[in-house]
Amino acid sequence: MGQHHVHVWDVPVRLFHWLLVMAVVFSWWSAEEGGVMLKYHMWSGYAIFGLVLFRVGWGFAGSSYARFASFVHGPRRVLATLGELFSARPLAWAGHNPLGGWMVLALLVSLAVQVATGLFANDDLFNEGPLYAHVGKDTSDWLTGVHHVNFTVLMVLAGVHVLAIVWHRLRKGEHLVRAMFTGRKQLPEAAEPLARVGAWRVFVLAAVSAAIVAVIVNL
Amino acid sequence: MKRALITLLGAGALVGGVAVVADPKPDDAVEYRQGIMMALGWNVGPMGAMVKGDVPFDAGQFAFHAGRVAVLAPMALEGFPKSSAAAESHALPALWENYADFEDRMKKLEASSAKLAEVAKSGDEGAMKSQFGETVKVCKGCHDEYQEEH
């Protein structure tokens, strides 16, 4: 592999990613347990809510490789990337590659749907999402159904995401998991250095995200 | 003594159900069982709120609702006669296809809620909360298997 270590993922992006993984795994487990555990499932959902808000904000105001504008590409580039997918040649893409970029969007949309429907959901026992009372039982039941179907969608997306990472590792020799820990990718050629933004933005965005969650779950 | 009485009542309800309501109209069966489920939920809700800490724990209230659940739980199965399989409800076809398993689960619910009522008499908060968790697991298991996604 190449000699160039390029910093692509800043701390907020990495922290977001791994906190999200933990929260999603915990949400899955606590939902399977059900009953009293749903209380903590809901807390975990609020955490995911905040994380998604933060990531969307960071996609507009964050460091260069985190921005949507830098990784959301049109169909031509996506198809070109798809064409290279099965060769052993590394993609050697600095940020999210054009296919991965759309996966990021798909995952964020699915997570947002999951959070939104969860707020109104009920378990037919003694747990209700914080906004349940605003819609009543019938609508809540329907949204709970969407919550369950969309969980499957989310798991399929996450499964494809993980398989793609494994594929990059085995077929193309690219260590994407390591990059998500260290923030750096090894690339054959030099790439645009990461354009960082002031650390204050992290705190402001995190505070705003938390505040939005707090307001909405208490409506 | 009380437990024996509850069991007896439960058995009586079951036998009585079979004998008296020999051929219930399918739609009546659906309404009956939805009523029982509603009444169960009516009692499970306040216990759940206490266990989650949403409202202060009150052993007397908890025991009251646990007693109600122990009486109601054995009344549920008779609301699912096979003759009501085709009636419109939230019951999945799997329920009628695996009826023996469904009956097993109902028996488990009966035993588990009787135990909850028993434990509730002790006033031991920890034991009550933990048995409550066990009982609602039986509820959830059956809902997951046999209740339609709305």
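This is a predicted model: local features need pLDDT of at least 70, side-chain atom pairs count only at pLDDT 80 or more; totals for chains, interfaces and linings use all residues.
**Exercise 1. Describe the elements of chain B and the share of its contacts, at a separation of 6 or more, that join residues 24 or more positions apart.**

Solution. Chain B contains 6 helices and 0 strands, so that, read from the N terminus, its order is α-α-α-α-α-α. Among the contacts in chain B with a separation of 6 or more, 74% come from residues 24 or more positions apart.

**Exercise 2. Examine helix 3 of chain B: what is its span, which of its residues are buried, and where around the axis do they lie?**

Solution. Helix 3 covers residues 59-72 of chain B, and its 14 residues reach 20 Å from the first C-alpha to the last, close to the 20 Å expected at 1.5 Å a residue. Its buried residues are B:Phe62, B:His65, B:Ala66, B:Val69, B:Ala70 and B:Leu72. Because these residues cover an arc of only 165° around the axis, they are on the same side of helix 3 of chain B. At the start of this helix, a side-chain oxygen of B:Asp58 comes to within 2.9 Å of the backbone nitrogen of B:Gly60.

**Exercise 3. Identify the residues that touch the most other members of the largest nonpolar core, and follow the contacts of B:Phe132.**

Solution. The largest nonpolar core has 33 residues, of which B:Phe62, B:Leu95, B:Phe102 and B:Phe132 touch the most other members. Helix 2 (26-52), helix 3, helix 4 (93-97), helix 5 (99-122) and helix 6 of chain B each contribute at least two residues to this core. Leaving out residues up to four places away in sequence, B:Phe132 touches A:Val36 and A:Phe126 in chain A, together with B:Val44, B:Met47, B:Gly48, B:Val51, B:Phe62 and B:Leu116 in chain B.

**Exercise 4. Decide whether A:His96 is buried or exposed, and state which residues are in contact with A:His96.**

Solution. A:His96 is located in the loop between helix 4 (75-84) and helix 5 (98-118) of chain A. Its relative accessibility is 15%, and because buried means under 20%, A:His96 counts as buried. Apart from neighbours within four places in sequence, A:His96 is in contact with A:Trp9, A:Arg55, A:Tyr65, A:Phe71, A:Gly101 and A:Val104.

How values were computed
Residues are numbered from 1 along each chain as its sequence is written. Chains are lettered from A and ligands numbered from 1 in the order in which they are written. Side-chain values use heavy atoms; hydrogens and water are left out. Helices (H or I, at least four residues) and strands (E, at least two) are DSSP runs, numbered from the N terminus. Contact means heavy atoms within 4.5 Å. The expected span of a helix is 1.5 Å times one less than its number of residues. Buried means under 20% relative accessible area, exposed over 50%, partly exposed in between (1.4 Å probe, protein chains only). The arc is that of the directions from the helix axis to the C-beta atoms. A polar contact is a pair of N or O atoms within 3.5 Å; within protein, one must be able to donate a hydrogen and the other to accept it, and residues adjacent in sequence count only if both atoms are side-chain atoms. A nonpolar core is a set of buried Ala, Val, Leu, Ile, Met, Phe, Trp, Tyr and Cys residues joined through side-chain atoms within 4.5 Å.
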